[in-house]
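Visitor: I have a structure on screen and want to learn how to read it. Where do I begin?

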Amino acid sequence: MYHACFQCHGTPVVPYKKETTTVENLVTGTKLVFERVEYWGWPNNGAGRVDPDGSIGTCTACHTRHTFSIKQAREPWTCGQCHLGIDHPHIEIYEQSKHGNIWEAYGSEWNWTALPWKVGVHFNAPTCATCHMSTLADKDGKILVEGSHDLRKRLVWDQMHFFSYPKPKWPDHTQNAIMLGASQLTGKGLLEKKVAVEGYRIVLEELPKEGELSFPKVLRIEYYGELAERRNEMKKVCNLCHSRQWVDNYFLTFDQNMIDYNITAQYAYQLLQKAYEQGIHDPTNKLDEYMEIMWYYIWHHDGRRWRNGAAMMSPEYAFWLGIVDTVMDKLGRMTNYYETAVELLELKKKLEFAPPTTGTQPMIPPEIETKIKELEQRLASLESEVPVMKSAIDNIERIVSDTKQKVEEASTGISNLEKRSSELESSLNTLESKVAELSTKLEAIAKPTAIVLAIIAIVISVIIGIISLRRK
Ligand code: HEC
Ligand code: HEC
Ligand code: HEC
Ligand code: HEC
Ligand code: HEC
C-alpha cells in the first residue's frame, strides 16, 4: 500500500517505540547519546499525511527538506510527481497547453526565486503554482492576487468523483462521507447537508432573436456567495495576462463542459441502475462486470480527462482523450452491451412460454438458437476487450445452457417414462393373458380333484424337503 496509494496521498505516521541510541561523529570521534522514536508509516511525503501531532499534510510534498526551495515548488514537475497519469493527467494537460508550451520554451530564462512573483517581469506564463497558489504582483511589487497554501481557494468544481459538484467545505472528502453522511460519489446529501460549498444556479441562456448572431449557449452557470468568490480569485489570476472577455468566455465554455459531463454521467449511471434492476448485472461487487467497469472508466478516467482538460486548456485531453473516449467509446460500449443483454433477456422470456415438445424435436427453434448464439457472441466479443473478473456473459450463458439442459433432461425423462410405461403395458398384457389361461385351466379341473391334487402336492413337497435335508 505504501508504494501504491500512500506515497501520493499520505498515511498516518504512528510513533510506536522509544529507544536510546548512540551516534559517533566520524571526524571528531565524539559520541552523542539521544532518544529516538520509531515510526510506523515512515518515510512518507504524501500530500495528506497525518502527523503524530494530528496535523495534516506535509511541506515535503512540494519543498524538499534540505533546500526548501521555492523554485522547486513553483516547477510544474514538482506537482507532476503525483498529478499525472490516466486518471488525473494534470501535468500532461499542462504540457499540452499553450502555457506549458511557453514554460518549456522560456522557463529556463525566468526568475524562479523572486518573491513576490512579478507578472511579465519574472515570468510570462503560468505554472500550476501560479494559477493555484502564488502571490502575484505587478512590476512595482504591488500585490494583485494574494497567495495561498489552501489549494481549494481558487477552485469551484470537484471534478474527480461520479458527478461534478462544487468542492466540499472540508479538504477531506472521506470525512464528509463518514462524519456527515454525504456521498461525494453519488452526491447524496451533499447539498442538503450543506457539505459542499454553496452558491450556484444553472440558468437558461436567452436565445438569440431572429436574425441575430450569438455565442452558442444553452445553459449557463451563475455564481453567488462563496463560489462566486472562488471563481473570482481564479479569474483575477487570468486577468493579469488576459482580457476580461477572453477569461469570461473561457469559463463560460468550461462551465458548459461541467454541465455536459454531468448529463452524460447521469445517463451512464442510470443505465447501470437499470442493468441492476433487470438482473443483467449483480450489484454486490460494484467493479467486476462489464457495464460497471465501463462506468468506472467514465467517471474515474475518461470523464476526469474531459473535465480536467477543459479546465486547464488541453484540447487533446478535453476532446479526444476526454469527450470522445467517454461518449463514443465507454458509453457506446455500455449502451451496446445493455441493448444486447436486454435482447437476450427478451428472447429467453419468450422461450419460457414456448409449448413443450415431445420426441426428438428440439425445444428451441433453430432460428432462435442461432439468434441466441449471435447475441452471446456479441457480448463475448465486447467482454473480451476488457478485464472482467466475473463476466456477465458467463451468467447469461449459464442461465441459457441450464435452461436448455433442464429441457433436455425433462424430455429424456419423459421419453424414458414413456418407454417404461409401454414396457409395463406389455408385461401387464402378458400377465393378463397368463391369468386368463390359468383361470380357464382351473375351471376345467373339478373341485375334489383339486383337493386330492393339493394333498398329493403337499406330500410331494414334504418328501422333497426330507430328501434335501438328508443330502445336507
Ligand atoms: C501518482 C500518485 C497517486 C497514487 C499512486 C494514487 N493516487 Fe489517488 N489521487 C491522486 C491525486 C493527484 C488525486 C486528486 C485527483 C484530482 O484532483 O483530480 C487523487 C484522488 C483520489 C481520490 C479522491 C479523493 C477524495 O478526496 O475523495 C481517492 C479516493 C483516491 N485518489 C484513492 C486512491 C487509492 C485507493 C490509491 C491506491 C490504490 C491511489 N489513490 C493512488 C494521486 C494518486
Ligand atoms: C502543494 C505544494 C506545497 C506544499 C505542500 C507546501 N508548499 Fe509552501 N510553497 C509552495 C509554492 C508553489 C510556493 C510558491 C508560492 C508563490 O509563488 O508565491 C510556496 C511558498 C512557500 C513559502 C514562501 C512564500 C510564502 O508564501 O511565504 C513558504 C515559507 C512556504 N511555502 C512554506 C511551506 C510550509 C511551512 C509548508 C508545510 C506546512 C508548505 N510550504 C507546504 C508549494 C507548497
Ligand atoms: C506528494 C503528492 C502530491 C504533490 C507533490 C502535489 N499534490 Fe496536489 N494533491 C495530491 C493528492 C493525493 C490530492 C487529492 C487529495 C484528496 O482530495 O484527498 C491532491 C489535491 C490537489 C488539489 C485539489 C484540492 C482539493 O481539495 O480538491 C489541487 C488543486 C492540487 N492538489 C494542486 C497541486 C499543486 C499545484 C501542486 C504543486 C505545487 C501539488 N498539488 C503537488 C497529491 C500531491
Ligand atoms: C492557467 C491556470 C492553470 C494552470 C497552469 C493549472 N491549473 Fe489546475 N485548474 C485550473 C482551473 C481553472 C481549474 C478548475 C477551476 C474550477 O473548478 O472552477 C483547475 C483545476 C485543478 C484541479 C482540480 C481537479 C479536480 O478533479 O477537482 C487540480 C487537482 C489541478 N487543477 C491541478 C493542477 C496541476 C497539478 C497543474 C500543473 C501541472 C495545474 N493544475 C495547472 C487552472 C490551472
Ligand atoms: C502569466 C500570464 C498568464 C496567466 C496568469 C494566464 N495566461 Fe493564458 N496565456 C498566456 C500567454 C502568454 C498565452 C499565449 C498568448 C499568445 O498567443 O501569445 C496564453 C494563452 C492562453 C489561451 C490560448 C490557448 C490556445 O490554445 O491558444 C487560453 C485559452 C488561456 N491562455 C486561458 C487562460 C486562463 C483561463 C487563465 C486563468 C485560469 C490563464 N490563461 C492564465 C499567459 C497567461
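This is a predicted model: local features need pLDDT of at least 70, side-chain atom pairs count only at pLDDT 80 or more; totals for chains, interfaces and linings use all residues.

Visitor: Which residues are around ligand 1?

Guide: Start with the list. The shell around ligand 1 is made of A4, C5, C8, H9, C82, H83, H88, Q159, M160, H173, Q184 and R304. Then sort by class: 5 are nonpolar, 6 polar and 1 charged.

Visitor: Which helix gives the most to that shell?

Guide: Helix α1, residues 2–9, with 4 residues. Domain 1 (2–61) and domain 2 (88–314) each provide at least three residues of the shell around ligand 1.

Visitor: Now ligand 4. Which residues come nearest?

Guide: H83, C128, C131, V156 and Q159, out of 24 residues around ligand 4. By class, this shell holds 14 nonpolar, 8 polar and 2 charged residues.

Visitor: Which elements each supply at least two residues of the shell around ligand 4?

Guide: α3 (76–80), α4 (90–96), α6 (128–132), β6 (157–158), α8 (225–238) and α10.

Visitor: Which residues of α9 and α10 meet?

Guide: On the α9 side, they include F254, M258, Y261 and L272. On the α10 side, W295, I298, W299 and W306 are among them. The contact of α9 with α10 has 15 nonpolar, 2 polar and 2 charged residues.

Technical notes: Residues are numbered from 1 along each chain as its sequence is written. Chains are lettered from A and ligands numbered from 1 in the order in which they are written. A residue is near a molecule or strand if its C-beta atom, placed from the backbone, lies within 6 Å of it. Ala, Val, Leu, Ile, Met, Phe, Trp, Tyr, Cys and Pro count as nonpolar, Asp, Glu, Lys and Arg as charged, and the others, Gly among them, as polar. Domain bounds come from an automatic or database domain assignment. Two residues are in contact if their C-beta atoms, placed from the backbone, lie within 7 Å.
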